[in-house]
Amino acid sequence: MTDYILAIDQGTTSSRAIIFDKAGSIVSTGQLEHEQILPQAGWVEHDPKEIWDNTREVIGQALSKANLTRHDIKAIGITNQRETAVVWDKTTGIPVYNAIVWQDTRTQPIVDRLAADGGVERFKQKVGLPLATYFSGTKIVWILENVEGARAKADAGDLLFGTTDSWVLWNLTGGVDGGVHATDVTNASRTLFMDLETLQWDDEILAIFDVPRSMLPSIRSSSEVYGTAHTSSLLREVPVAGILGDQQAATFGQAAFDQGEAKNTYGTGNFLIFNTGTEIVHSKNGLLTTLGYKLGDAAPHYALEGSIAVTGSLVQWMRDNLGMISSAAEIEDLAKTVDDNGGAYFVPAFSGLFAPYWRADARGALVGLTRFVNKGHIARAALEATAFQTREVIDAVNADSGVPLTEIKVDGGMIANNTLMQFQADILGVPVVRPVVAETTALGAAYAAGLAVGFWSGLDELRTNWQEDSRWTPQMNDEERNRQLRNWKKAVTKTFGWVDEDVL
């Protein structure tokens, strides 16, 4: 009998279940989008119940399409949108509020309050992160301070917090009927609460945030058996054996296991992860220090990360808010109707600017407009924004590491866009490489789970699974590259300082 691994990929826009074979190839997929709830400017929410219902359904879809049952699945891996915060009542299993998504900026007043004593880098040496709305710690504080009855329930020990991996794990393993409340080191490192050295929650920081430790999941490695699927699940008794935050999972799926290896994921946002091995490297250039992975009892691997808030979601915005395209794939055809951006530059600072600027006061800007500019130029400018932002993050990685990247492995939905990939190679000045299996996020979670149960023998076997599909090499001359970068950086400065007391 052939065995398989099932990965649950709980992402920002959809939940998927993907079944992989031993070669790391996709056998079948189930996918459902969930609603993006936008109550007011800067607020982004998801319905946790919808996410869990969809997760159960996509598991059924994937099994049905492949004509498989739980007996064919050796283990389950989970990967997830990382900083999105869910708080629920452990006695009822009901969330006390919608999940507050990583893109949400409502907690800026809480960030400002915490930064009043010591600045935004107050905890960075210990947790690797600046104070920012991006991370889940301030989202928990907002729920405790703004949802009626939440503080009293939390103080009584009745509330649980988790990023969406913990929410899925708890429900999958039984929920109120003995569900496992845990997370892995990669997700824990995105809360503002985990000490990078001890890999434990920091009681001093929790006290400053006024978050009860009883709410928090136990911190485990990225590859071990956390529990088994509940008897009510289609996967009942199958071990849940891998958890990795989505960007770390993509890095793992790209087989970037060693110091100096890196990948860039093109999704809702863009995320570059550079493996620093077992060494904690503190960035001097606006990057985050985070956990890369931890396999069982082995030493943890750390990473530098460049986080970009808006890339693929800019294309969604042009589709849903402006109606310029009817599907995301159409943006490439629209961009190809022109030869260049016509002098237009689009800086999508919809949630402020993340790496390397960390400017919460920034908002989006489309600059350089003349009457010559048409919708083709704007489509091209939107695609180019992804490449320009990536260039700035890679410049920061090169400065921090002292060893310039000579090529970049890519994954995520936007890498199907050949126009974008060629421009990315042009503006970086190094080759861009796409793997055969582009679903590296789910693959990384599958790898972590499979290693824990002996489905794969070790990292060497996983390295042999990785295969190159396409490679783009730079075709732009240095003078043109430098001109475009100069204009981009000028455009970025136009977004600064937009938000004040009178502007949302």
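## Close-up views

**View A. Lys124 touches Leu129, Pro130, His282, Ser283 and Leu287 when residues up to four places away in sequence are set aside.** A contact here means heavy atoms within 4.5 Å. The model is predicted: local features need pLDDT of at least 70, side-chain atom pairs count only at pLDDT 80 or more, and totals for chains, interfaces and linings use all residues. Residues are numbered from 1 along each chain as its sequence is written, and side-chain values use heavy atoms, with hydrogens and water left out. Lys124 belongs to helix 3, residues 124-127. Helices (H or I, at least four residues) and strands (E, at least two) are DSSP runs, numbered from the N terminus. Lys124 counts as buried because its relative accessibility is 11%. The classes are buried (under 20% relative accessible area), exposed (over 50%) and partly exposed (in between), with a 1.4 Å probe and protein chains only.

**View B. The annotated binding site brings together Thr12, Thr13, Ser14, Thr268, Gly312, Gln316 and Gly413, according to an unreviewed UniProt entry.** These positions are spread over 402 residues of sequence, yet they cluster in space, with a largest C-alpha distance of 13.4 Å. UniProt positions follow the numbering used here, feature names are shortened, and annotations may be inferred rather than shown by experiment.

**View C. Thr12 sits in the loop between strand 1 (4-10) and strand 2 (14-20).** Its relative accessibility is 8%, so Thr12 counts as buried. Beyond its neighbours within four places in sequence, Thr12 contacts His34, Gln36, His46, Gln81, Val101, Trp102, Gln103 and Thr268. Thr268 is also one of the positions in the UniProt binding site.

**View D. Gly312 is placed in helix 10, residues 312-320.** Gly312 is buried because its relative accessible area is 14%. Neighbours within four places aside, Gly312 is in contact with Gly267, Thr268 and Met414.

**View E. Glu33 lies in strand 3, residues 26-33.** At 57% relative accessibility, Glu33 is classed as exposed. Glu33 contacts Thr13, Ser14, Glu50 and Asn54, leaving out neighbours within four places in sequence. Thr13 and Ser14 are among the UniProt binding-site positions.

**View F. Asn398 is part of helix 12, residues 375-401.** Asn398 touches Val403, Pro404 and Leu405, not counting residues up to four places away in sequence. From Asn398 to Phe274 the C-alpha separation is 9.7 Å, although the two are 124 residues apart along the chain. An unreviewed UniProt entry gives residues 263-452 as "domain: Carbohydrate kinase FGGY C-terminal". Over residues 263-452 the chain is 35% helix and 21% strand, and the end C-alpha atoms are 24 Å apart.

**Setting of the views. The chain has 16 helices and 21 strands.** Its C-alpha atoms fill a box of roughly 65 × 55 × 45 Å, taken along the principal axes. Of the 504 residues, 62% are buried.
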